[in-house]
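Please look through the sequence and the model, then read on.

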Amino acid sequence: MPLSVYYFLTIAAVNILMTWAIYLPYRVAHLHFITVANMAISGYLSGYLVMELQMSFFLALLIGFAVGGIIGYVVSLFIGDAPTFAVVIVGFTFIYITRTVVENIPIIGGTMGMFGLPNVGSSPAAHRNIIIILLYSLVLVVGFLIHRFDNSRLGRAASAIFVDKDLATSLGVDIKKVGQLVQVFSCIVAGGVGVLYGFIYKSFHLDFFTFHLIGVFMTTIFVGGYSTLWGTVLAAPILYGLPLLFPPEVQSWRIVIYGVILILVLVLKPEGFITRKLVYSIGSSLSRRREK
Amino acid sequence: MKKMVGVLVLLLVAASMSFGQARVVVNEWQVPFLNSLTGAIAAIGEFLQWGAEYAAAEINAAGGIAGKPVRVIPVDTALDPQKGSVEMARIVKDTLVAMGPVPEPVIMAAMPIAVENGMVSMTATTSYEYAARFFPWTVSWFPPTLDRLPPLVAAWAKQFPAMKNVVQFIEPYGPWPGMAGAHSSALRSLGMVTNAEKAAKLIKELKNLGWTKMNQILVFSSADDAQLYATGGSDINGVQVYNYLNLETSNPRWDKFKTEFAKAHKGNMPFSLSPNYYDALYMIKEAIEKTGVTGDPKRLKEERKMIADYMANVKGFKGLLFDWDMKDGIPTNKPTYIFEIQGGKKKLVMEVRP
């Protein structure tokens, strides 16, 4: 596989997974940006475990998932049923705190960053194969779980919370429990993705985990469609890949193009390109064909 | 008969001249430059790019590299590690030598790709501490921070024997805390290691609070750019600043560079780091010509190594401002300058050599 295709595919997978990690809590109207901090915490921790304690990468990856989940759970105890704005503020604060803590720990590189993460496999090519297989396996597993969630009673409960919390409560939905569930799940995903993100680059730098990432994920959700997981699958590679094809003269207009697309989508198609209705009608027509 | 002998002699001379000198197979040398042309540091990216392209124009006017023209290809990484890594992966397949990336987060994401593929990419704006991680596939433009900064700060402090304590304002970004540590190691406590705008604001505030010993404020090199002067105005008169760029130095190439830079930048003189990629392209030219690199795709691996080996230990390299040597990828004798700011201009106080 050409190297540039590998980097494109792996980063597209990271963006899909991380956008889902924001999509899922958004099902209950939570913009849970703490996931970006989770990426950094689990990523740096795994780097430390592998580099300093010679731990196996796979064990460090599992710890990365677990640490993401633990942080998500502890935080969700306080903001599981908090209003959207409060969740946003907690997320931003967590990112700032994480940056400051990492900046002040020299053993994980401090402001300089962490260099020279080893190959996961026996060679650079094996490393790339393992990373891409892990990422796309994760895309399949997480996608399947979110798909099941969306089509379950829990998913319908989440939709009710999104529309009106009081209505959901009156229908017997435990708002906090559903909120906690989606927050913890998204933090677990973000923790693991953070580990893999660093091992794609074989390094960690605090500027890998900036508010720029939130911008990318939010654009992906709103352009792709925030009411189904499929919008992300389509929008993440396109929004990330398209600018790479721009000629140099157009490159400097990239942010303007992003902005215009986002505004147009918000005005003309507020639910994004892939809506639940569209997914439903595609599903129905496919099943009709199968019946014929 | 005499005529024929003459022609034969000429042919023999021509043949012997070309013997031992490999034939260049490219019609044009293409040097991709991974630079942040958009995003938060686009202004810096612009003048780095300008320097590289100005060098290319000068080289081409003088006959090119080994007789072939050179073209610097701008590759915008937009200060984005994601974009930087894909762009590096794209060029690394068949590029002989590249320049950049800029700055540190993109370097960390993209340089491992260059290293893995054995391609030199010249990170000419970052500190030794970053560049050294990617040796021999880059060279450091600066000596190790702990070697170059303590003597410099000690020389600055010697001007003020009565100075007992120095407070240091530090911005936690990339190598800056490490540089602040190097300052401190020269004195018991210590300048200003922040970006230009913050340095200017801090100085203004100190002045408002009654600070009068302006030359006892030392601003570090990365803050020596247009924002320092625009924001600081007359409040930074008397402040001292160190830099690797001495506008007072005069030689024909540097004088022309300054004139052309000012024309292209609304009358501004070259900023800190402006000549780095100018010099980087000339170093590439020298490496290609001195090692007989041909640009033959079949010899890509071998010729990349030839360039890396040459650059790591180049001697007497004729830079825009001064000549310098490299030993194992590290410059050994580059001077640093301390200036005093007066009326928006810098006056040389001293030159410090390692």
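In this predicted model, the C-alpha centres of domain 1 of chain A and domain 2 of chain A are 21 Å apart. The domain assignment places domain 1 of chain A at 3-209. Domain 2 of chain A is made of 210-231 + 252-292. Their contact draws on 15 residues from domain 1 of chain A and 10 residues from domain 2 of chain A.

Which helices supply the side of domain 1 of chain A that touches domain 2 of chain A? Helix H1 (3-26) and helix H5 (124-150) of chain A each give at least two residues. H1(A) gives the most, with seven residues. By class, this side of domain 1 of chain A has nine nonpolar, four polar and two charged residues.

Chain B has its own pair of domains. Domain 1 of chain B covers 29-142 + 271-321, and domain 2 of chain B covers 145-243 + 335-352. Their C-alpha centres lie 30 Å apart. Eight residues from domain 1 of chain B and 11 residues from domain 2 of chain B form the contact. Helix H5 (residues 128-131) of chain B gives the most to the side of domain 1 of chain B that touches domain 2 of chain B, namely three residues. That side of domain 1 of chain B splits into four nonpolar, two polar and two charged residues.

Now chain B as a whole. Chain B holds 12 helices and 14 strands. Its C-alpha trace spans about 90 × 50 × 35 Å along the principal axes. A compact globule of 354 residues would have a radius of gyration near 20 Å, and the 22 Å of chain B agrees with that.

The two chains also meet. Here 27 residues of chain A are in contact with 30 residues of chain B. On the side of chain A that touches chain B, H1, helix H11 (248-251) and helix H12 (254-268) of chain A each supply at least two residues. H1(A) has the largest share, six residues. The side of chain A that touches chain B divides into 13 nonpolar, 10 polar and four charged residues.

| Helix pair | Angle | Axis distance |
|---|---|---|
| H2 (residues 34-51) and H8 (residues 175-201) of chain A | about 50° | 7 Å |
| H9 (residues 211-224) and H10 (residues 230-245) of chain A | about 125° | 8 Å |

How is H2(A) set against H8(A)? At about 50°, H2(A) is oblique to H8(A). H2(A) passes H8(A) in a right-handed crossing. Residues of H2(A) in the contact include A:Ile34, A:Asn38, A:Met39, A:Ser42 and A:Gly43. On H8(A), those taking part include A:Ser186, A:Ala190, A:Gly191, A:Gly194 and A:Tyr197. The contact of H2(A) with H8(A) has eight nonpolar, 11 polar and no charged residues.

H9(A) and H10(A) are likewise oblique to each other. Their crossing is right-handed. A:Thr219, A:Thr220, A:Ile221, A:Val223 and A:Gly224 of H9(A) take part in the contact. From H10(A) come A:Gly231, A:Thr232, A:Leu234, A:Ala235, A:Ala236 and A:Leu239. By class, the contact of H9(A) with H10(A) has six nonpolar, five polar and no charged residues.

Technical notes:
Residues are numbered from 1 along each chain as its sequence is written. Chains are lettered from A and ligands numbered from 1 in the order in which they are written. This is a predicted model: local features need pLDDT of at least 70, side-chain atom pairs count only at pLDDT 80 or more; totals for chains, interfaces and linings use all residues. Domain bounds come from an automatic or database domain assignment. Two residues are in contact if their C-beta atoms, placed from the backbone, lie within 7 Å. Helices (H or I, at least four residues) and strands (E, at least two) are DSSP runs, numbered from the N terminus. Ala, Val, Leu, Ile, Met, Phe, Trp, Tyr, Cys and Pro count as nonpolar, Asp, Glu, Lys and Arg as charged, and the others, Gly among them, as polar. Axes are lines fitted to C-alpha atoms, for helices over the stretch in contact, and angles run from 0 to 180 degrees between N-to-C directions. Angles under 35 degrees count as roughly parallel, over 145 as roughly antiparallel, 65 to 115 as roughly perpendicular and the rest as oblique. A crossing is left-handed if the near helix is turned anticlockwise from the far one by less than a right angle, and right-handed if clockwise. The radius of gyration is taken over C-alpha atoms; the globule rule is 2.2 Å times the number of residues to the power 0.38.
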